Amino acid sequence: MQLDLQSSEFIVNPYPTYAELRERSPIYLLEPRVWLITRYHDVEYLLKSPLLNKEVPSIFDQCYGRDMSDEPVYRIYNNFWASMGSSRRKLVVKALNARKTSEVRALVQKSADQLMDKWIGCGQADLMSVFAYPLPVQVICNMLNVELQQTLDFLAETKLMARSAEPNPLTAAELDDTNAAALRLVAFFREICRQRREQPGDDLVSQLLVAEEDGERLSEDEIIANLIILFVAGYGTTANALCNTLRLLFLHPDQRELLSAKPELLSCAVEEGLRFSSSAPFTFRTVMEPLEMHGVRIEAGDSVYLALDSANHDPEVFEDPDRFWIDRPATVKKSLSFGQGSHYCLGAKLGNIAVEVAVETLFRRLPNLTIDNIDQLKWEPTWVFKGLESLPARW
Ligand code: HEM
């Protein structure tokens, strides 16, 4: 079968294509030495397999056909990656999870209310730009105890940085802009590290500075890289998870009514939104040793795209997978929306809490919320993430 991941048909509705791939070609050759894997059990197996590696720096070198390690933006990714070796990764996980869930929830609630207070009187707005994008940035700033827009427009800088993680290389001019953003962010966080060394607090920067495990510590460059990557990895995924879930709830009024009658279903509704319309639909790996699956041999050095969104619609695991069903019966296997195994999303808990608090706050503070033209909303024209261009709302 011929597959065009960039086509608008695929972006609008990838599920029939995924179903055909799972059925007829579960290990699909996308281009020479690049594979697409679509069945839940295969994706799960490969996410956990030690035969594959998430070699981000080498993927950037391959993408540009040259060594990118001296470019300021890719130096940040390399420093982040250096801190993701298994024992050092624990330091980041420990610092990120230092706050109790109830504290994180309160911090997200404060961020959501701060933002909503600015536009609640308007009666209408694009929820994507006034709420969904700024929310995760505001939350991470509050976790770091840095003033939003103190000297930098974090959202603008993060958007510039995020482009550098997409599979197509940037033009020379785009690379210059992105490098400039990277250097501004590094300078900003170097100064924050200096301040927190002098006057530690209970914020994430202070926690990363003192984090120690088995005698290991993170260097300042690694800490700065982690702080920047938290923004880059957390803002679009969370914003899209929120708007994709809202879209589903408005497309399915019976499910919205069910949620309003049974607010205790909130976390199930968010989990189902993430399963049904995964904001990070793919991840990728490099194969380190040859392997064989369903009679197909994949060689060392080949790349594989793992279609998390397809796995989440696999009828082998999820009953009636193309139905949005907020009280769906519990399954033995969880959705793969945050990945699984050694690279499981570092911000999964925060992302989930952010979407839950945002949905609850919107419905509570805007009881007459409606979305314009709900069945005609446009998707961003990319297969790399799944997100709406805008979410025009009235209340
Ligand atoms: C609902 C929102 C989110 C979704 C759906 C999501 C999804 C994902 C997925 C699918 C991966 C790739 C896992 C893999 O390659 O195996 C990932 C990795 C990651 N996520 Fe998230 N994420 C979300 C929110 C966040 C937030 C809020 C943060 C940070 C505060 C974050 C930080 C990261 C980082 C640093 C990684 C890289 C981990 C690694 O490769 O070892 N994510 N996320």
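**View 1. An open sheet of three strands runs in the order β4-β10-β9**. Pairing is antiparallel. Strands are DSSP runs of E, at least two residues long, and helices are runs of H or I, at least four, numbered from the N terminus. Two strands pair where DSSP finds at least two bridges between them. This is a predicted model: local features need pLDDT of at least 70 and side-chain atom pairs count only at pLDDT 80 or more, while totals for chains, interfaces and linings use all residues. Residues are numbered from 1 along each chain as its sequence is written.

**View 2. β4 (124–126) and β9 (370–371) form the edges of the sheet**. Each pairs on one side only. Two bridges join β9 to β10 (residues 392–394) in the antiparallel sense. I371 has A393 of β10 as its bridge partner.

**View 3. A shell of 27 residues surrounds the ligand**. The closest are G234, G339, C345, G347 and G351. The largest share, seven residues, comes from α13.

**View 4. The largest nonpolar core has 76 residues**. Such a core joins buried Ala, Val, Leu, Ile, Met, Phe, Trp, Tyr and Cys residues through C-beta atoms within 7 Å. Buried means 20 or more other C-beta atoms within 10 Å of the residue's own, all placed from the backbone. α13 gives the most to this core, with 17 residues. A second, separate core of 21 residues includes L21, A280, L306 and L336.

How values were computed:
A residue is near a molecule or strand if its C-beta atom, placed from the backbone, lies within 6 Å of it. A residue is buried if 20 or more other C-beta atoms lie within 10 Å of its own, exposed if 12 or fewer, and partly exposed in between; C-beta atoms are placed from the backbone.
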